[in-house]
Amino acid sequence: MLWWNFLLQPLMTGLIIDSFDQLRHLANASKQDMEKRCIISDIERFRFDGFPGEWEQRRGGKYVWNYFQFIEWLQRQSPTDLSAPQMTVFACLKEDRTDFLPLGVFVAKQRQELQEPKKDEDVLNVLKSFMAESRGEWHRLEQEKAARAVHEQKFLLLMQRVTVALGMLPQPGGEDHDEE
């Protein structure tokens with residue numbers, strides 16, 4: 001009895017308290033994660049800031065119950081009664097895959113992208129105008145290059161005339177006569 005009271009009972013009590021402490025830490029970590037991330041899509045809370053009401057629907061795992069109900073409903077249905085998307089989810093569940101979960105995606109963001117297809121068109125228009133502007137600049141540079149070539153030819157011709165006039169070079173088309 002003495003052995004139990006002084007040695008084993010405190011040891012067993014300490015192990016039990018440590019076990020409950022670890023469970024509490026796991027529960028707190030899980031709760032904090034559920035407050036920061038969507039369980040289904042694994043998206044962090046700040047990504048929902050631009051979509052009012054989206055995070056409130058997902059906070060604390062509320063949204064996950066819709067998936068559980070859907071999975072339960074699928075399991076009670078005959079595979080012949082399922083549509084193609086439902087059959088895909090059914091096959092994923094049968095093979096223990098989670099491919100059907102919208103990881104990194106949420107509906108409000110997809111809706112926004114569908115309602116704002118002009119962004120891609122805007123980028124395309126900006127690129128087209130940049131290309132047109134670049135072509136115009138290229139054409140201007142080509143004209144400057146051609147004008148510069150003409151000026152170079154005129155300058156070389158002028159220099160040749162000056163050197164001929166000064167007697168430094170023979171005249172074009174003329175012959176040098178050596179006096180004997």
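Visitor: Which exposed residues does the face of α3 turned away from its buried side carry?
Guide: This is a predicted model. In α3, the buried residues are V64, I71 and L74. Viewed down the axis of α3, these buried residues fall within an arc of 80°, so they line one face of the helix. The face turned away from that buried side carries the exposed residues W65, Q69 and R76.

Visitor: How far apart are the end C-alpha atoms of helix α3?
Guide: Helix α3 covers residues 64-76, which is 13 residues. At 1.5 Å a residue the helix should span 18 Å, and the model agrees with this, because its end C-alpha atoms are 19 Å apart.

Visitor: Against which helix do the buried residues of α3 pack?
Guide: The contact can be described from both sides. The buried residues of α4 pack against α3. In turn, the buried residues of α3 pack against α4 (84-94).

Visitor: Within what arc do the buried residues of α4 fall?
Guide: The buried residues in α4 are V89, F90 and C92. They line one face of the helix, because seen down the axis of α4 they fall within an arc of 160°.

Visitor: How far apart in space are Q77 and F90?
Guide: Q77 is placed in the loop between α3 and α4, and F90 is one of the buried residues in α4. Q77 counts as partly exposed, because its relative accessibility is 25%. In sequence Q77 and F90 are 13 residues apart, while in space their C-alpha to C-alpha separation is 9.8 Å.

Visitor: Is E72, which forms a salt bridge with R76, buried or partly exposed?
Guide: E72 and R76 both lie in helix α3, four residues apart, or about one turn of the helix. Residues three or four places apart point the same way, because an α-helix has 3.6 residues a turn. The side chains of E72 and R76 meet in a salt bridge at 3.6 Å, N to O. R76 counts as exposed at 59% relative accessibility, whereas E72, at 40%, is partly exposed.

Visitor: What distance separates the closest N and O atoms of D21 and R24?
Guide: D21 and R24 are three residues apart in helix α1, so about one helical turn separates them. D21 is partly exposed at 25% relative accessibility, and R24 is partly exposed at 48%. The two form a salt bridge, and their closest N and O atoms are apart by 2.8 Å.

Visitor: How many salt bridges does the count come to?
Guide: A further pair is E95 and R97, whose side chains meet in a salt bridge at 2.1 Å, N to O. E95 is partly exposed at 49% relative accessibility, and R97 is partly exposed at 32%. With a cut-off of 4 Å between nitrogen and carboxyl oxygen, the count of salt bridges comes to four.

Visitor: What accessible area do I16, F20, L23 and L26 have together?
Guide: F20 lies in helix α1 (residues 2-36). F20 counts as exposed, because its relative accessible area is 54%. With I16, L23 and L26, F20 forms a nonpolar patch on the surface, and the accessible area of these residues together is about 440 Å².

Key:
Residues are numbered from 1 along each chain as its sequence is written. This is a predicted model: local features need pLDDT of at least 70, side-chain atom pairs count only at pLDDT 80 or more; totals for chains, interfaces and linings use all residues. Side-chain values use heavy atoms; hydrogens and water are left out. Patches are made of residues with over 30% relative accessible area and no salt bridge: like charges are joined within 9 Å, nonpolar side chains (Val, Leu, Ile, Met, Phe, Trp, Tyr) within 5 Å. Accessible areas come from the Shrake-Rupley method with a 1.4 Å probe; for residues, only the protein chains shown count as cover. Helices (H or I, at least four residues) and strands (E, at least two) are DSSP runs, numbered from the N terminus. Buried means under 20% relative accessible area, exposed over 50%, partly exposed in between (1.4 Å probe, protein chains only). The expected span of a helix is 1.5 Å times one less than its number of residues. The arc is that of the directions from the helix axis to the C-beta atoms. Contact means heavy atoms within 4.5 Å.
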